[in-house]
Amino acid sequence: MKYDIERDIHYLRLLSKSFPNVPAASTEIINLSAILNLPKGTEHFLADIHGEHEAFIHVLKNASGRISNKVNEIFGEYLPASAKKELCTLIYYPEQKLELVKNQMDNIDEWYRMTLHQLVKVFRVTCSKYTRSKVRKHLPEEFSYILEELLHERSEEANKVAYVNVIIDTIISTNSADDFITALANVIQRLSIDQLHILGDVYDRGPGAHIIMDKLGQYHSWDIQWGNHDVLWMGACAGNDACICNVIRLSLRYANLLTLEDGYGINLMPLATYAMETYGNDPCTAFQPILNPENKDRFDQKTLRLMAMMHKAISVLQFKAEAQTFRRNPQWQMTDRCMFSRVDFEKGTCYIDGNEYNMLDMNFPTVNPDDPEAFTEEEELLMQKLHHSFRVSEKLQRHIRTMLSHGCMYAIYNNNLLFHASVPLNDDGTLKQVEIMPGVICSGQLMMHRIGMIIRSAFQNDTPAEEKRYARDYFLYLWCGKDSCLFDKSKMATFERYFIAEKETHVEKKGVFFRMRDDDSLAEKMADTILDAFGVIGPNRHIINGHVPVHVKKGESPIKANGKLMVIDGGFAEPYHKETGIAGYTLVYHSREFELVQHEPFTNVEDAVREGRDIKSTANIVATAGKRLLVADTDLGKELSKQVEDLRELLYAYRHGFIKEQK
């Protein structure tokens with residue numbers, strides 16, 4: 001092959017600093033070529049976790065059931081089902097399980113010896129698709145040498161039996177077994193998932209979004225496509241008052257204050273004091289918290305009553321803050337959602353879509369009929385305190401920075417287009433042009449890219465003041481705007497659901513994307529249009545998203561558009577379990593096929609440790625690659641192949657004297 005060395009000489013000189021001579025460049029070519037022929041790493045896709053931290057963390061620990069599958073494959077009939085279950089539990093929760101075992105076992109050394117041999121077998125199988133260097137990066141420093149020895153020395157070979165046994169016996173005799181087992185279990189967990197994709201909505205509903213973000217902050221390889229609930233919390237973190245009110249309202253609606261108060265230290269005392277003073281004589285009937293079966297007994301009536309008053313107080317602030325934002329941005333065409341301006345306070349009615357409806361509640365002591373969208377002095381002061389609390393929460397700011405550094409509005413991995421909710425479309429299925437900033441109109445991939453830039457600009461110190469003000473406001477549009485790719489409905493009928501009895505006012509008409517995806521005659525063409533627009537090519541390409549729960553118990557399939565669209569919101573959050581009939585999905589993409597893993601509800605960690613309870617998961621093959629995929633078939637493989645070609649050009653430059661070798 002001929003090379004244009006003169007054209008590439010500057011780049012090749014830079015490359016030569018990393019590979020200064022022929023042996024160094026040749027070694028790297030050999031290494032990369034070998035990697036290209038390894039099996040593709042396993043990707044896991046999850047969506048709409050909604051604060052269910054225990055279920056989420058368990059799914060990571062059991063690799064969506066794949067660790068259990070590996071244990072069954074390795075030990076087959078050699079171990080009884082109970083022993084395999086115990087081994088899996090040890091891998092998932094090593095510290096807790098070890099404490100339990102030590103309290104029950106008489107001969108703990110013999111148990112250590114047997115268990116270590118079993119764990120080493122699982123470790124070897126888990127590592128088999130990775131290079132030594134990649135495995136080495138995941139090994140804990142204190143045990144890396146021993147683990148490498150056990151990985152590559154086979155105890156089945158007669159001359160190695162004593163060697164391996166001595167290693168294991170020494171681990172036990174030096175009282176290192178607990179630490180070693182824990183390290184080994186954690187490595188098995190990490191290597192069972194090569195790349196984790198979160199398709200949005202870490203936040204709201206469940207109690208542990210902050211715990212999930214802590215876990216992700218330490219996770220080895222992950223990305224996120226932001227969801228509407230994530231963007232709402234981003235907006236609150238950036239100082240959008242309407243987003244702050246929405247975040248607090250949703251937390252009160254689901255009786256979930258753990259993330260706000262315990263997780264992020266948000267001070268809700270000013271809101272509680274204000275609510276008791278303002279709505280102390282109000283029954284707040286429409287604002288009673290929605291309780292899950294698991295937390296019904298956590299709250300006494302006095303606490304629930306306080307939550308209802310706080311819920312109403314923050315809702316009134318929200319409707320005012322939203323109206324002020326809509327007025328500042330008339331190009332959004334959302335001033336029809338300035339709801340207090342549509343209320344006739346004398347008649348007790350509200351005008352919606354040209355019709356007049358009776359209000360269920362007219363107790364609004366802080367709403368001035370002559371200026372219904374203005375804050376009172378007390379509300380202004382309360383809003384300032386809440387705003388300050390969100391802005392100074394170090395942990396919230398850190399978690400949102402983590403989400404920014406690992407996320408975007410969309411991503412393309414290995415011919416899969418990932419986004420949370422939708423792509424705005426015209427009625428004929430073509431991409432819809434959306435005005436995302438005054439005078440900036442775009443669609444599809446460019447639209448999502450620029451929205452991501454707007455979001456980031458809200459957190460950058462060098463953003464001009466007016467641009468930052470708009471970026472901060474825009475979080476609200478992303479949350480509830482008609483043409484938002486994170487909402488894509490005719491309206492968000494929060495006000496109507498609280499105050500209007502007639503159900504027709506509660507309807508949120510879905511956008512074209514959602515209507516077409518559920519129409520078998522239109523879905524595949526729509527999917528192809530979107531995939532083409534985002535530059536996703538090839539016969540085996542897919543859209544993967546979430547956002548709208550799949551109603552499995554009603555017969556709805558998560559696989560749409562003749563297999564080109566996979567909707568993986570299976571309802572992790574407990575409030576959705578009755579609606580969906582399951583408790584979440586994981587889409588697993590390994591070297592041979594796609595599997596959609598359907599999860600049943602998770603009980604708790606204590607049951608998992610004591611009784612060996614796992615999440616019962618059912619895997620269904622949804623797409624096959626036709627052949628086993630190698631690293632060479634992936635996006636990473638394309639990058640590595642280009643690196644190999646560049647290194648070959650560097651070799652040519654060395655051998656023909658264009659660049660001198662260094663020692």
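This is a predicted model: local features need pLDDT of at least 70, side-chain atom pairs count only at pLDDT 80 or more; totals for chains, interfaces and linings use all residues.
**Burial.** Buried residues make up 56% of the 663 residues. I then noted the accessible surface, which is about 29,300 Å² for the chain, with 49% of that area belonging to carbon and sulfur atoms.

**Overall form.** I wanted to know how the chain's radius of gyration sits against that of a compact globule. For 663 residues, a compact globule would have a radius near 26 Å, and the chain has 28 Å, so the two agree. I also took the extent of the C-alpha trace along its principal axes, which is about 95 × 75 × 50 Å.

**Elements and contacts.** I counted the secondary structure next: the chain holds 27 helices and 17 strands. Then I checked how far apart in sequence the contacting residues are. Of the contacts with a separation of 6 or more, 72% are between residues 24 or more positions apart.

**Charges.** The chain carries 77 positive and 92 negative side chains. I looked up where the centres of these two sets lie, and they are 4 Å apart. The structure has 35 salt bridges. I followed up a few of these, one at a time.

**Glu110 and Arg113.** These two residues form a salt bridge, and their closest N and O atoms are 3.1 Å apart. Why are they separated by about one helical turn? Both belong to helix α7, residues 108-127, and they are 3 residues apart in that helix, so about one turn lies between them. I checked the exposure of each partner. Glu110 has a relative accessible area of 42% and is partly exposed. Arg113 is also partly exposed, at 28%.

**Asp194 and Lys134.** Here the side chains meet in a salt bridge with an N to O distance of 2.6 Å. Asp194 is in the loop between α11 (177-192) and β2 (195-198), while Lys134 is in helix α8 (residues 132-138), so this pair ties together parts that are 60 residues apart in sequence. I noted that Lys134 is partly exposed, with a relative accessible area of 29%.

**Asp282 and Lys312.** This is another salt bridge, with its closest N and O atoms 2.6 Å apart. The pair links distant parts of the chain, 30 residues apart: Asp282 is in the loop between α16 (269-279) and α17 (301-328), and Lys312 is in helix α17 itself. Are these two residues buried or exposed? The cut-off for buried is under 20% relative accessible area. Asp282 is at 5% relative accessibility, so Asp282 counts as buried. Lys312 is at 0%, so Lys312 counts as buried too.

**Positive phi.** I turned to the backbone. Most residues other than glycine have a negative phi. I noted two residues with a positive value.

- Asp48 is not a glycine, yet has a positive phi of about 55°. Asp48 is found in the loop between β1 (43-46) and α3 (53-61), and is buried, with a relative accessible area of 0%.
- Cys284 has a phi near 50°, again positive in a residue other than glycine. Cys284 lies in the loop between α16 and α17, the loop that also holds Asp282. At 1% relative accessibility, Cys284 counts as buried.

**His53.** I picked this residue in helix α3. His53 is buried, with a relative accessible area of 18%. What does His53 touch, leaving out residues up to four places away in sequence? The residues are Pro207, Gly208, Ile211 and Ile212. I also took the distance from His53 to Leu360: these residues are 307 apart along the chain, and their C-alpha atoms are separated by 37 Å.

**Gln662.** My last entry is on Gln662, which is in the segment after α27 (635-655). Gln662 is partly exposed, with a relative accessible area of 49%. I checked Gln662 against Phe19: the two are 643 residues apart in sequence, and 8.9 Å apart in space from C-alpha to C-alpha. With residues up to four places away in sequence not counted, Gln662 touches Pro20 and Asn21.

Terms used:
Residues are numbered from 1 along each chain as its sequence is written. Side-chain values use heavy atoms; hydrogens and water are left out. Helices (H or I, at least four residues) and strands (E, at least two) are DSSP runs, numbered from the N terminus. The radius of gyration is taken over C-alpha atoms; the globule rule is 2.2 Å times the number of residues to the power 0.38. Buried means under 20% relative accessible area, exposed over 50%, partly exposed in between (1.4 Å probe, protein chains only). Contact means heavy atoms within 4.5 Å. Accessible areas come from the Shrake-Rupley method with a 1.4 Å probe; for residues, only the protein chains shown count as cover. Lys and Arg count as positive and Asp and Glu as negative; His and the chain ends are not counted. The place of a charge is taken as NZ of Lys, CZ of Arg, CG of Asp or CD of Glu. A salt bridge is a side-chain nitrogen of Lys or Arg within 4 Å of a carboxyl oxygen of Asp or Glu.
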